[in-house]
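Let's take a friendly walk through the salt bridges of this model. Have the sequence and the structure open as you read.

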Protein chains: 2
Amino acid sequence: MSLKYLSAKLAQQIDEELMSAAGAFSIDQLMELAGLACAQTLARVYDRQKYPRVLVCCGPGNQGGDGLVAARHLGLFGYQPTIYMPKPGSKDIYQRLKTQCDNMKIHTIPPSNTLDDLKTALTSSDVILDAIFGFSYKPPIRAPFDAVLPLLTESKLPIVSVDIPSGWDVEKGNAEGVGLQPDVLISLTAPKEGARQFTGRHFLGGRFVPKMLEEKFALNLPEYPGSDQIVELSQAKL
Amino acid sequence: MSLKYLSAKLAQQIDEELMSAAGAFSIDQLMELAGLACAQTLARVYDRQKYPRVLVCCGPGNQGGDGLVAARHLGLFGYQPTIYMPKPGSKDIYQRLKTQCDNMKIHTIPPSNTLDDLKTALTSSDVILDAIFGFSYKPPIRAPFDAVLPLLTESKLPIVSVDIPSGWDVEKGNAEGVGLQPDVLISLTAPKEGARQFTGRHFLGGRFVPKMLEEKFALNLPEYPGSDQIVELSQAKL
């Protein structure tokens with residue numbers, strides 16, 4: 001009985017079941033726990049004394065929402081997050097999460113037509129949280145992100161990716177070679193097929209899957225230690 | 001600059017500001033973080049090997065909602081929670097949180113007109129989580145809780161109270177002498193005036209107060225350690 005790696009379709013189905021009438025979760029709850037797990041993973045690996053300045057890169061979908069939640073928690077943890085969000089999401093929750101960050105006095109790079117602001121931000125960052133694309137991403141990569149990803153890579157800053165490294169196919173991994181090469185990956189709910197190719201430090205978060213769902217999909221999730229919201233997969237009892 | 005203890009009115013005002021259009025939090029988010037902090041506090045003090053069976057007592061209001069969130073997380077932490085909820089809340093969120101517990105296979109004592117079920121449950125519990133009344137409670141205590149509180153006390157089980165021990169006046173404390181005498185208190189957002197009388201282990205949770213609000217109300221919150229969601233007040237840098 002080994003840990004299940006999810007296809008894009010199965011990840012989508014589990015997400016829908018969690019938020020169905022039967023699952024009864026709101027997106028606010030799940031995103032809060034997911035984003036908290038992302039922030040805690042970054043804090044576990046990159047000490048805030050040595051890596052205080054976190055560039056949180058958010059995509060326009062739910063993955064970007066996780067990033068905004070993580071940015072807020074990182075601010076509460078004493079980091080100095082900056083949000084880079086070239087295509088803000090249009091959903092109400094996305095805008096509320098952004099306002100919560102504003103209230104935390106977290107700086108957001110204003111949208112612009114050039115990448116100069118991103119370049120400048122990278123020179124004054126210590127680590128990147130990549131919350132650009134999640135399990136609903138399908139190649140090819142579109143503007144402006146086709147230009148953003150290479151800049152993140154060229155910065156040579158350490159990268160923590162959420163759920164699947166941005167630019168990777170959810171199932172085939174970095175087959176096209178245009179994806180990020182993060183140092184740390186935090187899979188949410190369960191790892192995705194593509195993450196089998198990942199060789200850095202791999203964490204799991206999203207400690208909210210009810211037993212019924214875990215059994216239904218034979219996820220064989222590892223044991224989280226104590227009351228932690230994350231577990232490092234290489235160290236877990238699988 | 002010392003930690004501020006809140007009046008009932010101020011606690012209410014902070015809650016409203018957090019959830020206003022300007023504060024932008026949903027009750028789902030705040031309750032999730034609050035309930036998680038309650039579960040983590042119980043887990044910090046009462047080891048699941050020695051105290052596996054937690055009786056989670058929920059009132060009909062938001063405090064009861066925190067209890068339901070805590071019950072779910074305690075289940076995920078490996079405890080065996082049982083929910084006692086003689087007057088279920090009518091709000092939609094309350095019912096969703098209850099469904100989430102059902103999906104975790106957490107047992108809820110069915111409502112009845114007698115206290116026999118509670119008495120039986122107490123004989124097979126190791127610790128009580130008291131999420132009956134919160135900062136909107138005003139004496140006198142009403143049925144069935146006027147009979148429930150003495151039973152909890154008589155059980156001599158250790159009690160972890162959420163925000164303010166049930167039966168205490170939010171400002172005057174246990175002036176009427178009908179309140180619980182918990183071993184552990186987890187204050188949420190900031191401690192309430194009445195908690196000054198509390199002499200057991202005192203934790204703070206609700207690590208979501210934005211700097212702007214903390215400054216506006218001069219809360220002088222303690223520093224939470226690392227990425228923890230709780231801080232023990234007696235050990236905090238105040």
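In this predicted model, E193(A) and R196(A) form a salt bridge, with 3.2 Å between the closest N and O atoms. The term stands for a side-chain nitrogen of Lys or Arg within 4 Å of a carboxyl oxygen of Asp or Glu. By this rule there are 26 salt bridges over all chains. Here are three of them:

| Pair | Closest N to O distance |
|---|---|
| E193(A) and R196(A) | 3.2 Å |
| E214(B) and K211(B) | 3.3 Å |

How exposed are the partners? Buried means under 20% relative accessible area, exposed over 50%, and partly exposed in between (1.4 Å probe, protein chains only). E193(A) is partly exposed at 28% relative accessibility, while R196(A), at 51%, is exposed.

R96(A) and D28(A) are both buried. R96(A) sits in helix 4 (residues 92-103) of chain A and D28(A) in helix 2 (residues 27-45) of chain A, so the pair ties together parts 68 residues apart in sequence. Helices here are DSSP runs (H or I, at least four residues), numbered from the N terminus. D92(A) joins R96(A) and D28(A) in a network of salt bridges.

In chain B, E214(B) and K211(B) are three residues apart in helix 7 (residues 211-216), separated by about one helical turn. E214(B) is buried at 13% relative accessible area, and K211(B) is partly exposed at 40%.

Residues are numbered from 1 along each chain as its sequence is written, and chains are lettered from A and ligands numbered from 1 in the order in which they are written. Local features need pLDDT of at least 70, side-chain atom pairs count only at pLDDT 80 or more, and totals for chains, interfaces and linings use all residues, while side-chain values use heavy atoms, leaving out hydrogens and water.

Methods. Helix = DSSP H or I, 4+ residues; strand = E, 2+ residues; numbered from the N terminus.
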